[in-house]
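Try each task yourself before reading the solution.

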Amino acid sequence: MEKRMNLDFTYQNPTTIYFGKHALDNLSSELASYGENIMLAYGKGAIKKNGLYDQVVAILKKSGKNIVELPEIMANPTYEKVMEGATLVRENSVDLILAVGGGSVIDCAKAISVSAYCEGDAWTRYWLKFEPVDNKIVPVASILTLAGTGSEMNGGSVITNDDMRLKMGRVFPSEMNPKFSILNPEYTLTLPEYQMVSGIFDMMSHLMEAYFSGEDDVTSDYLIEGLLCSIINSSKIAVKDPNNYEARSNLMWSSTLAMNPIMGLSKAQDWEVHMIEHQLGAYTDCAHGMGLAAVSLPYYRYIYKFGLDKFVRFAKQVWGVDEAGKTKEQVALEGIDEMEKFIKECGIVTSLKELGATEEMLPLIANSTVLLGGYKVLTAEEVLEILKAAYVAE
Ligand code: NZQ
Ligand code: ZN
């Protein structure tokens with residue numbers, strides 16, 4: 001039976017985006033709208049090495065702000081770090097949290113924002129029980145240095161609870177979006193290639209998670225195919241020529257669009273690859289995009305038969321597979337093969353072993369994975385089979 005979609009949604013995007021080589025020029029006028037206590041949240045030092053830290057501090061000082069520093073935010077930020085930031089926010093009556101970094105720093109800033117004035121344990125309330133946020137939140141803004149997560153224009157916040165060995169994501173309503181985000185593609189030029197290509201697969205995965213579900217004719221699917229084509233094209237250029245500004249700009253803007261609710265409005269979605277990766281990350285601390293790539297290949301090779309027509313469409317529209325003289329199965333699988341070739345060409349890691357997983361971890365990861373699914377809701381046993389396939393992959 002045909003399943004048809006009715007467009008029926010509310011969409012709001014309250015983030016102001018300043019994009020381009022001079023985007024930072026807008027920081028001081030934005031700061032004028034906030035009080036004097038600014039938390040400067042950042043990672044383990046990349047922004048000190050490339051000079052961005054000094055530039056931002058100079059602007060904050062010139063604007064007469066008190067700076068409350070929260071350094072050393074780790075990749076895959078922990079709830080413990082969130083609590084450290086929440087205490088600092090309360091003690092210093094922080095008026096704005098300015099996150100300078102990749103998705104981890106921005107996610108951590110949002111988590112601090114909802115947690116600082118939360119009554120009770122924020123982890124349980126907001127990441128386990130998904131309760132609506134009923135306390136004061138502190139505005140967040142971002143200066144992005146890594147293209148991938150889309151955290152700069154969404155309400156997403158993915159946090160790892162080390163004690164529970166759980167990595168949980170939540171997309172908060174748009175009040176939690178950064179108020180403004182500064183996107184200068186030049187900031188991404190200092191990224192190691194490993195992080196650049198991890199971000200590339202992350203943005204692609206966000207699009208595929210929204211795409212592989214439903215049998216209806218949805219505007220979003222056409223947007224997704226277009227964005228994927230742009231990402232594939234720009235990635236090939238950026239891998240060969242990392243300083244290509246046009247390609248890096250396209251990737252930065254594509255990633256912002258890719259992980260935004262606008263791509264999946266009124267649409268059934270999948271997100272199982274992300275659910276598996278989150279637990280993989282909780283156990284191995286691997287780079288998010290690499291974990292996604294490792295899981296995606298065996299996952300899609302297993303799941304395609306439950307959504308065959310969509311995988312055929314994917315092969316033709318995104319990877320240019322010629323269907324002449326082939327069965328639907330062959331076309332669908334050729335599309336996944338093309339994706340694998342692309343993954344290899346970019347140097348994206350697809351072996352769980354290489355990402356730090358051990359054989360003993362696999363059942364623990366499978367049994368703690370949230371089971372969602374687009375074309376099929378997997379069982380923990382099926383997740384384990386997918387992990388085993390990723391474990392022996394090259
Ligand atoms: O710590 P620093 O020194 O800043 O170094 C970082 C880090 O080591 C480095 N880096 C960032 N920008 C750089 C740079 N190095 C040199 N030059 C630059 N310009 O890159 C490393 C990784 O940074 P991280 O922020 O962890 O990467 P990413 O942006 O991929 O974020 C990953 C986190 O976001 C979550 C992931 O699960 C993971 O925890 N996600 C967030 C989402 C959201 N908010 O919507 C959705 C995603 O699906 C994802 O789950
Ligand atoms: Zn992701």
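**Exercise 1.** Work out how the lining of the largest cavity divides into nonpolar, polar and charged residues.

*Solution.* Start with the classes: Ala, Val, Leu, Ile, Met, Phe, Trp, Tyr, Cys and Pro are nonpolar, Asp, Glu, Lys and Arg are charged, and the others, Gly among them, are polar. Next, list the lining: Ala147, Thr188, Leu191, Met196, Ile200, Met203, Arg248 and Leu251. Sorting them gives 6 nonpolar, 1 polar and 1 charged. The space inside comes to about 60 Å³, counted as what probe spheres set on the points fill, with points joined across faces, edges and corners.

Some ground rules: this is a predicted model, where local features need pLDDT of at least 70 and side-chain atom pairs pLDDT 80 or more, while totals for chains, interfaces and linings use all residues. Residues are numbered from 1 along each chain as its sequence is written, chains are lettered from A and ligands numbered from 1 in the order written, and side-chain values use heavy atoms, leaving out hydrogens and water.

**Exercise 2.** Find which helix gives the largest share of the lining of the second largest pocket.

*Solution.* A pocket is an open set of grid points with protein on both sides within 12 Å along at least five of seven lines. The lining includes Asp216, Asp217, Asp221, Lys310 and Arg313. Helix α12 (residues 308–319) comes out on top with 4 residues; helices are DSSP runs of H or I, at least four residues, and strands are E runs of at least two, numbered from the N terminus. By class, the tally is 3 nonpolar, 2 polar and 7 charged, around a space of about 210 Å³.

**Exercise 3.** Track down polar contacts of ligand 1 with Gly103, Thr190 and His274.

*Solution.* Look for N or O pairs within 3.5 Å. At Gly103, a polar backbone atom is 2.7 Å from a ligand oxygen. Thr190 puts a polar side-chain atom 2.8 Å from a ligand nitrogen. His274 has a side-chain N or O atom 2.9 Å from a ligand oxygen. Now step back: the shell around ligand 1 divides into 9 nonpolar, 17 polar and 4 charged residues.

Conventions: 1 Å grid on protein atoms, 1.4 Å probe; cavity = no way out; pocket = protein on both sides within 12 Å on 5 of 7 lines; lining within 4 Å. Polar contact = N/O pair within 3.5 Å; in protein donor to acceptor, adjacent residues only side chain to side chain.
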